[in-house]
Amino acid sequence: MSPLDVLVREATDLSEGGPGARRVIPIRTATAGEAEVARVMQICNACRYCEGFCAVFPAMTRRLAFSPADAHFLANLCHNCGACLHACQYAPPHEFAVNVPRALARVRGQTYADYAWPPALGRLYQRNGLTLALALVAGLALFLMLAVARQGGLAALAQPAGAGGFYAVFPHNLMVALFAPVFGWAVLALTLGVRRFWRDEAPGSTSAAALAEAGNNALSLKYLDGGHGQGCNNEDDAFTLWRRRAHHATFYGFMLCFAATASATLYHYVLGWQAPYGFNTLPKLLGTAGGLSLALGCAGLGWLNLRRHPLQGDAAQKPMDLGFLLLLFLTATSGLALMLSHASAGFTALLCLHLGTVMALFATLPYGKFAHGVFRVAALLKWAIEKRLPSRLKLADD
Ligand code: SF4
Ligand code: SF4
């Protein structure tokens, strides 16, 4: 469970342990965001018009009341497609003011902060735009200072690449020593954070079928199709597939860039082939395709984000969303520019820009928008497991 106040109280439970059995019952006051999710879900549970839109509504119908843990589960199951806002007869200005995407988006933001590891760093979400900017400045400063120190002066920043390529500026072992601990930290922090989310109302044991379904739903972004395959809403009640396409371009572009780095590592350590690599090699082909896809996807998502209907989502999270997209876009475009600029003046300065951006991206992975992917996959898997269990209407402290 999340960092909650936990009380132990005597309870009579005929189903678990018999009369007088002692149970640990988590109790805490719901935050305003969690209480709002419970309120709108209770209205939706009576209405159920949106039942076919996404997984949130079928998961909702298995509950009669909504604990904070339920609110976090449903919030991360939501893909913020906006369909249930534009379809809702109780949406503002109706007095019920039902806005499911906004209520769930606010709790999603709380999930990232509450479940962050270590907990103290959850505060970085509160000023995420500033966090990203500081990380970028620190990353740039680190590589600029290293380059100047290693090359013996500022003039080196304006030089084209030598025969040794970027390893002549920053040797391979130095890069590994700088990036490996930061990437390892990011993986550890995300793993421990999502483990706490999973344990907060763990759904039971998984199965191959549940894993396959969750994997398919995550990789295809099934719930960005509005439940009918025509896509989601963005600036109005018209459906569009552009958000899904741009998200796919971003995600698969990121994965191709990751594959490019992994293949370069194989070349270096297993095959003994040293960089720089030619344009027809696996690292370059994967990196070029990934960089282009990532840059286009980020530009598309940013453009759509700026045009989104003001009632969709949580406006307070825009700096985090746009900051993350900007960091990814800078990573992709500086990487592509680097491939084309070996013979150009300013190669070393461009290399510092690229490596500083990648370092800022890695350092902020567990404390920024990237976390949404990890928590969403966990929520999709929870749902794939839960839906296979016999239906059992769930009460608040059940
Ligand atoms: S969002 Fe509105 S229309 Fe949809 S189920 Fe809830 S109350 Fe009904
Ligand atoms: S915004 Fe879309 S994904 Fe989220 S609850 Fe509504 S219909 Fe489902």
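A crossing of two helices is left-handed if the near helix is turned anticlockwise from the far one by less than a right angle, and right-handed if clockwise. The structure shown is a predicted model, in which local features need pLDDT of at least 70, side-chain atom pairs count only at pLDDT 80 or more, and totals for chains, interfaces and linings use all residues. Residues are numbered from 1 along each chain, ligands are numbered from 1 in the order in which they are written, and side-chain values use heavy atoms, without hydrogens and water.

**First stop: H12 and H13.** Select residues 318-340 (H12) and 347-364 (H13); helices here are DSSP runs (H or I, at least four residues) numbered from the N terminus. Their axes come within 9 Å and cross at roughly 145 degrees, and the crossing is left-handed. The axes are lines fitted to C-alpha atoms over the stretch in contact, with angles from 0 to 180 degrees between N-to-C directions. Next, display the contact (heavy atoms within 4.5 Å): Phe324, Leu327 and Leu328 are among the H12 residues that take part, and Phe347, Leu350 and Leu351 among those of H13.

**Second stop: ligand 2.** Of the 13 residues around ligand 2, select Cys54, Cys78, Cys81, Gly82 and Cys84, which come nearest; a residue counts as near if one of its heavy atoms lies within 4 Å. Helix H5 (100-114) and helix H2 (56-60) each supply at least two residues of this shell, and H5 gives the most, with three.
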